[in-house]
Amino acid sequence: MAGVSRKKISAAAARSYTRKSKQNSFQISSGMFRTISLILLMGFMAWVYQTILPPPPKIIGSPGGPPITASRVKLSDGRYLAYKDHGVSKDQAKYKIVYIHGFDSCRLDYMPLSQELAKELGIYMVSFDRAGYCESDPNPKRTEKSTALDVEQLADQLGLGSKFYVIGFSMGGQATWGCLKYIPHRLSGAALLAPVVNYWWAGFPANVSKEAYNEQLVQDQWALRVVHYAPLLTYWWNTQKWFPPSSAVAHNPAIFSRQDKEILPKLAEWVKHAAQIRQQGDFESIHRDLMVGFGSWEFDPMSDIENPFQNNEGKVHIWQGDEDLLVPASLQRYVAGKLPWVHYHELTGAGHMFPFGDGMSDAILKALLLGEK
């Protein structure tokens, strides 16, 4: 009996040992699964981070970067700003103008200034590369305010005097609004030409901005949502291949009106320097532009800017084409309606590129400088 009893105990022990072995094996397998899952998750997150992270800019004049070919001034924060002179000399000029270029362009894409008009009126104009474009150093902290302060420093270093005019085209409108907000005491007048409107300015009623927003191409609606709500994904969204990027980034011809397509061939000279515009990288030029233009602004032009010319010593003009497919005329009208001191000019049949049409630049300059209608 004793021998039999020992056999039964051994059998029970064996069964217990088998169960423990299976449990330990399961625990080891479960632990390995968690470890492997964690490694895979970390690898995926690293891949995502590398995907959304833009490459560093190729700084002008740095080792491996593009060469310096333009005249430049050094700003107080150490950055350099490239510029180009137009018209008569500063010493002879009666009117001094700072021209602020638009999206995906540079100092070489300035509004036409005929030598005849420049000499007749005494006009000096300087165009400059906004931060990150062409030959101006990037500014990772760029805002609508910082560009306005760049304008002020440029004017001071070039000796334009205590007051000067500003003209901003398209995305250059963000900086022009910034000038009206932050350096109004330095301005003799301002003209905004088809200035880009931020759909998220608080002054817009929801139905007004929504209606205009929905008039955009679907790809632009998605691109601007990303820019506004998830700016860290801006570079990824505009470089990935699954969804169409911003039509302005991709140069989609669908954004140009009938008149625009008639004007564009006249700007063939722009093609010669097109490669220089983004030569420091897309992110600090065009992507940063989108993030600033359609991000969260520090102010709303409709409620936070006062008339800088209370004594009528200068004027602010907005020019807009009613067939502009990039900037909705409906929103521009609304903005102008909220600012009774702004002189609003809406051009019938005009698109986004109207400032470069025949005779338009002279009309804009005469309205700004002489008050001609």
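# Legends to the close-up views

**View 1. Asp358 is exposed, its relative accessible area being 67%.** Relative accessible area is called buried under 20%, exposed over 50% and partly exposed in between, with a 1.4 Å probe and protein chains only. The model is predicted: local features need pLDDT of at least 70 and side-chain atom pairs count only at pLDDT 80 or more, while totals for chains, interfaces and linings use all residues. Residues are numbered from 1 along each chain as its sequence is written, and side-chain values use heavy atoms, with hydrogens and water left out. Asp358 forms a salt bridge with Lys266, with 3.3 Å between the closest N and O atoms (a side-chain nitrogen of Lys or Arg within 4 Å of a carboxyl oxygen of Asp or Glu). Asp358 sits in the loop between strand S8 (342–347) and H14, and Lys266 in the loop between helix H9 (258–263) and helix H10 (274–277), 92 residues apart. Helices (H or I, at least four residues) and strands (E, at least two) are DSSP runs numbered from the N terminus.

View 2. Glu152 and Arg186 are buried. The protein has 16 salt bridges by this rule.

**View 3. Asp220, in helix H6, is buried and has no salt bridge.** The nearest side chain of opposite charge, Arg225, is 11 Å away (Lys and Arg count as positive, Asp and Glu as negative; His and the chain ends are not counted). The side chains of Asp220 and Ser247 make a polar contact of 2.4 Å. A polar contact is a pair of N or O atoms within 3.5 Å; within protein, one must be able to donate a hydrogen and the other to accept it, and residues adjacent in sequence count only if both atoms are side-chain atoms. Apart from neighbours within four places in sequence, Asp220 is in contact (heavy atoms within 4.5 Å) with Pro245, Ser246, Ser247, Ala248 and Ile255.

**View 4. Ser209, Ala212 and Tyr213 are the buried residues of helix H5 (residues 206–213).** Down the axis of H5 they fall within an arc of 105 degrees, so they line one face of the helix; the arc is that of the directions from the helix axis to the C-beta atoms. They pack against helix H6 (218–229) and helix H13 (329–338). Asn207, Lys210 and Glu211, on the other side of H5, are exposed.

**View 5. Cys134 and Ser170 have positive phi values without being glycine.** Phi of Cys134 is near 50 degrees, and that of Ser170 about 55 degrees. Cys134 lies in the loop between strand S4 (123–128) and helix H3 (144–158), whereas Ser170 is in the loop between strand S5 (164–169) and helix H4 (172–182). Cys134 is buried, with a relative accessible area of 0%, and Ser170 is buried with 7%.
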